[in-house]
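This report is written for a reader who meets the structure for the first time. It begins with a pair of charged side chains and then turns to the sheets, the nonpolar cores and the aromatic rings.

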Amino acid sequence: TVALNITMPKGATSLTANLTRHSLNSLVSAGVTSLALNGSPVRVAFDAKALAEIQKQSSGNISFTIAPNASLSSETKKMIGTRPVYELTVSYTKNGKNATVSSWGGGTATVSVPYTPAEDEAVGGLYAVYVDTYGNATRVAGSAYDANRGCVIFTTTHFSRYGIGYTAPSA
């Protein structure tokens, strides 16, 4: 595993980490099993298959961007409320324009979104929410709140908008 430990400047809420083409090629050819971005608003770890697919689909240097995103439909706001939402992207420059890597050929990224539950929230009711390009929200299967790390954790095969949802446990 290779970890990039990033120190965010005070007051910063978003991050763009750039990886040169040579560095990506070196990681893939060395057989690195995971590339983790730590210290940003959201922790992300790509597995080897995802890295190889990013290498295959892209050209030039790679940018990993994690930015807050509050633009939600009214239905999605019901699920997420005021909890955090982030836009996650992997991009590169192609013919002078930004292009994104939309899927990772069966590879995955593990995402950890820090969150402190509100007083009236049971940790078992917290989960990750995927927000598609149309603004529709879907609960991410297998996502859960990790009380020891203070974050909602999930795996995904692509990047998009992701937030934290809550459903109160029933009696």
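The side chains of E121 and R83 meet in a salt bridge, at 2.6 Å from N to O. A salt bridge here is a side-chain nitrogen of Lys or Arg within 4 Å of a carboxyl oxygen of Asp or Glu. E121 lies in the loop between β8 and β9 (126-131) and R83 in the loop between α3 and β6, so the pair ties together parts that are 38 residues apart in sequence. E121 is buried, with a relative accessible area of 11%, and R83 counts as buried at 14% relative accessibility. Buried means under 20% relative accessible area, exposed over 50%, and partly exposed in between (1.4 Å probe, protein chains only).

This is a predicted model, in which local features need pLDDT of at least 70 and side-chain atom pairs count only at pLDDT 80 or more, while totals for chains, interfaces and linings use all residues. Residues are numbered from 1 along each chain as its sequence is written, and side-chain values use heavy atoms, with hydrogens and water left out. Helices (H or I, at least four residues) and strands (E, at least two) are DSSP runs, numbered from the N terminus.

**Salt bridges**

A search of the whole structure finds three salt bridges. They are listed below.

| Salt bridge | N to O distance |
|---|---|
| E121 and R83 | 2.6 Å |
| E75 and K78 | 3.0 Å |
| R161 and E87 | 3.9 Å |

R161 lies in strand β13 (residues 161-166) and E87 in strand β6, so this pair ties together parts that are 74 residues apart in sequence. R161 is buried, with a relative accessible area of 11%, whereas E87 is partly exposed at 27%. E75 and K78 are three residues apart in helix α3 (residues 74-80) and are therefore separated by about one helical turn. E75 and K78 are both exposed.

**Strands and sheets**

An open sheet of six strands has the order β1-β3-β4-β8-β12-β11, with mixed pairing. Two strands pair if DSSP finds at least two bridges between them. The edge strands of this sheet are β1 (2-5) and β11 (144-146), each of which pairs on one side only. From one strand to the next, the twist averages 20°. Within the sheet, strand β8 (residues 109-114) and strand β12 (residues 151-156) run antiparallel and are joined by six bridges; P114 stands opposite C151 in β12.

Helix α2 (residues 48-57) lies across β3 (34-38) and β4 (43-47), and runs at about 80° to β4. Axes are lines fitted to C-alpha atoms, for helices over the stretch in contact, and angles run from 0 to 180 degrees between N-to-C directions.

Strand β5 (residues 62-68) is mostly covered, with five of its seven residues buried. Strand β2 (residues 15-19) runs antiparallel to β5 and is joined to it by five bridges, and L19 has I62 in β5 as its bridge partner. β5 also pairs with β6 in the antiparallel sense, over seven bridges; here I66 stands opposite L88 in β6.

**Nonpolar cores**

A nonpolar core is a set of buried Ala, Val, Leu, Ile, Met, Phe, Trp, Tyr and Cys residues joined through side-chain atoms within 4.5 Å. The largest one has 37 residues, and those with the most contacts inside it are F46, I54, I62, F64, V90, W104 and F159. Strand β6 (residues 85-94) gives the most to this core, with four residues. A second, separate core of six residues includes L72, V85, Y127 and V131.

Which residues are in contact with W104, leaving aside its neighbours within four places in sequence? They are F46, K49, A50, E53, I54, V90, A109, T156, T157, H158 and F159. Contact means heavy atoms within 4.5 Å.

**Aromatic rings**

The whole structure holds six aromatic pairs. Rings of Phe, Tyr and Trp (its six-membered ring) pair if their centres lie within 6.5 Å; planes under 30 degrees apart count as stacked, over 60 as edge-to-face and the rest as tilted. F46 and F159 form a tilted pair, with 5.6 Å centre to centre and 55° between the planes. This pair links distant parts of the chain, since F46 is in strand β4 and F159 in the loop between β12 and β13, 113 residues apart. F46 counts as buried at 1% relative accessibility, and F159 at 13%. The rings of F154 and Y162 have their centres 4.9 Å apart and their planes at 35°, so this pair is tilted. F154 and Y162 are both buried. Ring pairs also link F46, F64, W104 and F159 into a cluster.
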